[in-house]
Amino acid sequence: MRAGLALIAAFCLCATPVVAQGKTKAGAVPQSVQALEMCETFAKGDVLAVEAAIEKGWDAYEETAESPYVKSYSGSKELPGIGYATMFALVEDYPNNTFGYCRVDVTEVTGDAGVAVQSIQNLDRYEGQAIQNSDGTFASLTGKTDKNRMLLTHLAGGSFVIQLSIITPKAGVDE
């Protein structure tokens with residue numbers, strides 16, 4: 001009986017490394033993509049955007065409203081490898097649509113942020129065009145399945161920018 005248990009234990013120990021080898025850690029999400037994802041959260045009008053931003057390390061808050069139809073937000077965070085980022089977001093409520101806008105600015109790039117624009121451009125959910133020249137790297141993109149997502153990003157003149165607009169039609173409203 002003990003020999004049988006020992007044999008089973010030995011098989012389990014031998015199989016464990018094989019099982020562990022099948023598990024791989026996914027690569028870290030690039031800082032520029034993380035900043036874009038935060039912008040997407042704000043621009044789509046997520047009511048928990050401030051809380052989500054704080055959870056992700058942003059110093060984020062809602063600004064004083066200028067109208068019951070306008071909400072604006074600000075935030076900041078150090079983006080490792082890129083620099084200190086400031087964020088501004090705006091969500092405007094119209095009868096048939098909601099317009100969301102978010103901009104992230106890093107005015108003094110501190111690291112090798114050369115992949116920042118490329119990482120965003122490589123996302124499957126966006127498509128468009130890019131230009132790389134002596135002035136910098138620029139991308140103009142739209143959502144692949146949601147053409148109401150418009151995204152500009154660039155790395156030029158020592159600064160990095162993400163600029164996102166999302167128009168969301170309201171459900172059940174005739175246009």
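Analyst: Threonine 153 sits in strand E7, which covers residues 149-156. Strands (E, at least two residues) and helices (H or I, at least four) are DSSP runs, numbered from the N terminus. This is a predicted model, in which local features need pLDDT of at least 70 and side-chain atom pairs count only at pLDDT 80 or more, while totals for chains, interfaces and linings use all residues. Residues are numbered from 1 along each chain as its sequence is written, and side-chain values use heavy atoms, with hydrogens and water left out.

Is threonine 153 buried or exposed? Its relative accessible area is 2%, so threonine 153 is buried. Buried means under 20% relative accessible area, exposed means over 50%, and partly exposed lies in between (1.4 Å probe, protein chains only).

What does threonine 153 touch? Neighbours within four places in sequence aside, it is in contact with Val117, Ile120, Thr137, Phe138, Ala139, Phe160, Val161 and Ile162. A contact means heavy atoms within 4.5 Å. With valine 161 there is a further detail: a polar atom of the threonine 153 side chain lies 2.8 Å from the backbone oxygen of valine 161. Such a polar contact is a pair of N or O atoms within 3.5 Å; within protein, one must be able to donate a hydrogen and the other to accept it, and residues adjacent in sequence count only if both atoms are side-chain atoms. Leucine 36 is 117 residues from threonine 153 in sequence, and the two C-alpha atoms are 9.6 Å apart in space.

Valine 106 belongs to strand E4 and is buried, with a relative accessible area of 0%. Tyrosine 84 is 22 residues from valine 106 in sequence and 5.7 Å from it in space, C-alpha to C-alpha.

The side chains of serine 76 and tyrosine 84 are joined by a polar contact of 2.9 Å. Serine 76 has a relative accessible area of 13% and is buried. Residues up to four places away not counted, serine 76 touches Gly57, Trp58, Asp59, Tyr84, Ala85 and Thr86.

Tryptophan 58 in turn touches Ala35, Met38, Ala53, Gly75, Ser76, Lys77, Leu79, Ala85 and Met87, again not counting residues up to four places away. In the largest nonpolar core, which has 36 residues, Trp58, Phe42 and Phe160 touch the most other members. A nonpolar core is a set of buried Ala, Val, Leu, Ile, Met, Phe, Trp, Tyr and Cys residues joined through side-chain atoms within 4.5 Å. Helix H2 gives the largest share of this core, seven residues.

A search of the whole structure finds one aromatic pair. Its rings belong to phenylalanine 42 and tyrosine 73; their centres are 5.1 Å apart and their planes at 55°, so the pair is tilted. Rings of Phe, Tyr and Trp (its six-membered ring) pair if their centres lie within 6.5 Å; planes under 30 degrees apart count as stacked, over 60 as edge-to-face and the rest as tilted. Phenylalanine 42 is in helix H2 and tyrosine 73 in strand E2, so the pair ties together parts 31 residues apart in sequence. Phenylalanine 42 is buried at 1% relative accessible area, and tyrosine 73 counts as buried at 9%.

The structure also holds one disulfide, a pair of cysteine sulfur atoms within 2.5 Å. Cysteine 39 and cysteine 102 form it, with their sulfur atoms 2.1 Å apart. The pair links distant parts of the chain, 63 residues apart: cysteine 39 lies in helix H2 (residues 31-43) and cysteine 102 in strand E4 (residues 97-106). The torsion about the S-S bond is about -70°, so this disulfide is left-handed. Both cysteines are buried.

Now the whole chain. The protein has four helices and eight strands. Of its 175 residues, 36% count as buried. The average pLDDT (the predictor's confidence in each residue, from 0 to 100) is 86, and 83% of the residues score at least 70. Over residues 1-25 the pLDDT is below 50, and this stretch has zero contacts in the model beyond near neighbours in sequence. Where pLDDT is low, the predicted coordinates should not be read in detail.
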